[in-house]
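These are my notebook entries on one structure. I record below what I looked up and what I found.

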Amino acid sequence: MLQSKFLQRPRGTSPDTTWFLGQVRAELRQWANKESKRVRQGALPEYLLFATNVVLSPDPVAGGIDLFESTVEELLAELELPVKAVHVWHFDQISRYLDMYPGIRQTYGALTTAGDVLFRLRELLEGTASDLGELLANHCSKELSTDQWVKMGQAGDAENQRLPLDEIAIDPTASYVSSDGTHKTVSVVRHILLHGDAVLRPSVRGSQEAPFVALIGGPGQGKSTIGQILCQVYRSTLLTDSMNRLDVETAEVVGSFNGELSRMGLDAPAARRWPVRVDLSDYADVVAGGEDLSILRYLSNRISLRTPDITASQLRSWLKSWPWLVVLDGLDEVASPQARDAVMEKINDFIIDAQSVDADLLLVATSRPQGYREEFSHRRYLHLRLENLDSEGAVAYAAQLTQLRHPGDPETAERVLLRLKEASEQELTARLMTTPLQVTIMAIILERRERVPQQRYRLFSDYYQTIYNREANKSGPVARLIDDYRTPIDHLHERVGLFLQVLAEREGDSNAAISKEDLFRITERYLSLSGEGYEPAVASVLAGRIVDAAMHRLILLVPRKEYSVGFEVRSLQEFMAARAIVTDDMEETCFFLKGIAPSAHWRNTWLLAAGRVFYDRPGFRDRIVTLLDEIQAADELSLCVKPGSSLAIGLLNDDVAAKAPRFLRGFTRHALEMIEDPLSEFESAYLAAALWTVGCADMPSRNSIEQAVSKTVAAGGHGAVNVLSLIHHFWEDETGPFAYQLCKHLDRAQENQADLASFIGGKLLGPSFIVSGLNDRSITLEEESLTEVVAPYLDLSAVRNPDQIREDIFGHLSISFYRCPDGTRVALGYGSAGDWGNRSGAAMGEEGVAEAIISAYENLPIELWMVRFVLRERCEWLQEALPVGLSLLQSASWFEELAELLASGRD
């Protein structure tokens, strides 16, 4: 048996030897302890080999090697351990082995090489990759300097001060399901860095553990910032030992970042991975534009813009020779189904290419949960779900933020932080401080006012007004323009937000921006038709002045691509689109809200628009409730997927009706319609959080929840399975009377295992039953093609090419069955040999297919619970992926100019 003893910070030969011998003594005594797990499992080896980075002196008698041998000899005799031999590989011996065996040295070079690693590649590698060191070090330095600022830095500072990433970075928490089936919570950056310290070459890691990470989180939770931090950590680690070769500014960034790593309690990664980041919306636009670019060629083109003479062939050689981190950021921003399929095909090609050269590759991919179709397979990616900031974490982040924003004004920093602490102690405002983006916005608002908003739409609205007033109060001609023409500038922001949100649905426009010419058309048209009496020439001049200001920065509009602008943060674009949708005519508003309701791309915009109705149009609140009914009953697909209930859950989590109990209870009624359905992990978590919060806050709502749960469990069938599983996963560990009323149903189900619904929901779908059974081999699962399983229930006789339809939708899926003691087979899992793509979506869209699947969904027996989940999931994906914005604009005369701009852009 090989046991590794690694000393993180060596201090010298004598103290290091003392530390190592203490480790050896502890290990041998553990092997002699009959109560230890390793001994009880019968794992006592015949030979023990210790490997350490400690230098052991060869001096006779008093040297570390002789001390090791005498220590081992004495302990083996004292403890009567039947070990035949114990040896040690210490630092010098391991170094000699690496010199003797270049294959090992080259495979693990990023772990074993100290010093100026990128400048010493010729000593380490062979072939093309050995010539890349200085070029890649040069590029690494440039990226480190460019990427040192947080994205929101410019949006809220009076002098447009940028905030340094290293000083404001935090390590948020995320949850995941571990290999033993339990839910675990980890610090994201620490977890990924530790994962990255392992060698991830296919030849070394095997095929059991997922080598990559999928980071799933909602708007503003910091997915992109985490990717930015990870890249900066690895860049800093690569350059730390080359400080004398760096320019002064880059060296300062490296030193600062290393210091902040210590503040966060993080050690520098042991593996010196080469970090690169791919903005998937940018990449999607390139691919959709007709360029058949692999990810390697795309990266080589990007790198060559700043560091000449890097080819895709060189990068492939580098990928083979050196460990990489690749951050694939923002799959959710690729809204077009065709573009998303093309991007996923390129990502899978890249993974295959990496496997073919046995690459040590760590991929970290990010997405919002809305519209996420599990494109990142669970077999390849460990899924981490970002958790909300708790009050303590929000205040800690706020403390860093206020100090950075007011470095020379401690009184202001203290005053703002005190207001943020007070906000974190109030239930409603604390729920608006659960993401870094929300805390940032809250801090900017509280610099100029004492009270904070208590609803998410108001948070964004007050932020916009704060930034607007700040810019208007400056001196100079642009400030006077902003102050004098608030209405047309508001209109421009709203129109641009809606225009870009629609544009982003279109293939090739994922990273949408609006041109200077289109900005001018929108502004001039508004001024001409505003009723303010502007002559055409005057309207043209004024529009030109506003657009010129926008090309530099106008409130929330920032320069993007050449001669175009957009929003720095996607949530701000969605907020402005929401403002545009809510017009003075409520039926116009409802027309648009009903049209975008099923779309994942529009989900955040919909919720913000409903928030605006509740805040700015209180007389129309009832219309939002009835609108949810209309959305739910729009067609057969909606009756199955229940988008109205999903939106109601979002409204509850946004606290839209927190101060309006009648509407709170109406939203709760809608949300409860989903407890009967088999939901994904993310949907279940949002539903459970919403119902728990409202049940604790409002007694009538709590009574409704308890009654719905009791009624559903008593009815049995699929609904009972779903409710019991929800309790099992999310409420079982809660305390208090509310928790007791919910969990008593689970207790009864676990006592009544003769009932199939109770057995499935109360036991089989528990957090760890199946996984732990598979791990200890007490359970085996039988796999069967989903096409065959669903065939008796899916009638496609009225559809053209029914066999091909079945193959396109279900051919890549298999179902795992658990055989109960009485012989009943229960479907508990499913696997995929491919991704949901164009063929599946096209097949689902064929006339009559969705209706046939919904009919099968309704008629499946309870033991096919997982099949029911898969069918609903496919229906949901179909509905969520449909682009809706352009057709709505074309049907809405009040947005005529935007439809014309989009049509002219397509032509």
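How many disulfides does the count come to by the rule? I took a disulfide as a pair of cysteine sulfur atoms within 2.5 Å, and the count comes to zero. The model is predicted, so I note that local features need pLDDT of at least 70 and side-chain atom pairs count only at pLDDT 80 or more, while totals for chains, interfaces and linings use all residues. Residues are numbered from 1 along each chain as its sequence is written, and side-chain values use heavy atoms, with hydrogens and water left out.

**Entry 1: cysteines.** I looked up C140, which is in no disulfide; the nearest cysteine sulfur, that of C231, is 9.5 Å away. C140 is buried, with a relative accessible area of 1%. I used buried for under 20% relative accessible area, exposed for over 50% and partly exposed for values in between (1.4 Å probe, protein chains only). C820 also counts as buried, at 7% relative accessibility.

**Entry 2: helix α1.** I took helices as DSSP runs of H or I with at least four residues and strands as runs of E with at least two, numbered from the N terminus. Helix α1 covers residues 13-32. Its 20 residues should span 28 Å at 1.5 Å a residue, and the end C-alpha atoms are 29 Å apart, which agrees. The expected span is 1.5 Å times one less than the number of residues. Which residues of α1 are buried? They are D16, T17, F20, L21, V24, E27, L28 and W31. These residues cover an arc of only 135° around the axis, so they lie on the same side of α1. The arc is that of the directions from the helix axis to the C-beta atoms. On the face turned away from the buried side I found the exposed residues S14 and T18.

**Entry 3: aromatic pairs.** I searched the whole structure and found 22 aromatic pairs. Rings of Phe, Tyr and Trp (its six-membered ring) pair if their centres lie within 6.5 Å; planes under 30 degrees apart count as stacked, over 60 as edge-to-face and the rest as tilted. W692 and F738 are stacked, because their ring centres are 5.0 Å apart and their planes are at 20°. This pair links distant parts of the chain, with W692 in helix α34 (residues 681-697) and F738 in helix α37 (residues 737-751), 46 residues apart. Both W692 and F738 are buried.
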